Amino acid sequence: MTPAIETAQGRFKLQRLPASEGGKSGKADPLRAWDAADELLLNYLDEQQLPAANAGDKPILLINDAFGALAVSLNRYKLHGWSDSFVAHQATLKNLRLNKLEANFQIIPSIDAPTDCYDLVLIKIPKTLALLEYQLSRLKSHISEQSIIVAAGMVKHIHRSTLNCFEKHIGTTSTSLARKKARLIFA
């Protein structure tokens, strides 16, 4: 049985890629393809009514969406996925197909910079500060004063240096309270 994430955006089946040993034997995969940070971010978007109903054709930038939990949940919008992981991109495409969703998703390899200007940027905090610093430094020229940037991560991966990195490259930064060991960063 494939596990499903349930959020305000809907209920979606998600699989990890590559499947772990438990998933190959017919039993449920013991590891989920999403974490509490994904759930917290998606719930926040619903509470804040983001993306705005008038978002139109402007893409949303998803950074470091590991298995496509964000891309699948937000598939009704035009999405750009930027990550340093080929596996993450393949998992996203697989999970879109698994849920019979049309791929409204453009992959941006990590060696390329995004080309659009984004009003909404959603970031999953990577474990490596150097990767985050690289991504934020490249992102700077693709956002405006009105852009909304929300990052999500597990508390154990968010340190003062993480917040300093956001402040250095993006600007004033604040955080949410932790919930289920996950936290949001607003920049």
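Guide: Welcome! In this predicted model, aspartate 65 is buried yet has no salt bridge, and lysine 124, the nearest side chain of opposite charge, is 5.9 Å away.

Visitor: Why is there no salt bridge between aspartate 65 and lysine 124?

Guide: A salt bridge needs a side-chain nitrogen of Lys or Arg within 4 Å of a carboxyl oxygen of Asp or Glu.

Visitor: What makes glycine 68 and leucine 70 polar contacts of aspartate 65?

Guide: The cut-off for a pair of N or O atoms is 3.5 Å. From a polar atom of the aspartate 65 side chain, the backbone nitrogen of glycine 68 lies 3.5 Å away, and that of leucine 70 lies 3.3 Å away. Both distances are within the cut-off, so both count.

Visitor: Where is aspartate 65 found?

Guide: Aspartate 65 sits in the loop between strand 3 and helix 3 (69-73). Leaving aside neighbours within four places in sequence, its contacts include Asp38, Thr92 and Lys124.

Visitor: How do you know that strand 3 and strand 6 pair?

Guide: Two strands pair if there are at least two bridges between them. Strand 3 (residues 60-63) and strand 6 (residues 118-124) have 3 bridges, so they pair, in the parallel sense. Isoleucine 63 stands opposite isoleucine 123 in strand 6.

Visitor: What is the order of the strands in the open sheet?

Guide: The 7 strands run in the order 5-4-3-6-7-9-8, with mixed pairing. Strand 5 (105-109) and strand 8 (174-175) are called edge strands because each pairs on one side only.

Terms used: Residues numbered from 1 in each chain as written. Predicted model: local features only at pLDDT ≥ 70, side-chain atom pairs only at ≥ 80, totals over all residues. Heavy atoms only, no water. Helix = DSSP H or I, 4+ residues; strand = E, 2+ residues; numbered from the N terminus. Buried < 20%, exposed > 50% of the residue type's maximum accessible area, 1.4 Å probe, protein only. Lys, Arg positive; Asp, Glu negative; His and termini not counted. Polar contact = N/O pair within 3.5 Å; in protein donor to acceptor, adjacent residues only side chain to side chain. Contact = heavy atoms within 4.5 Å.
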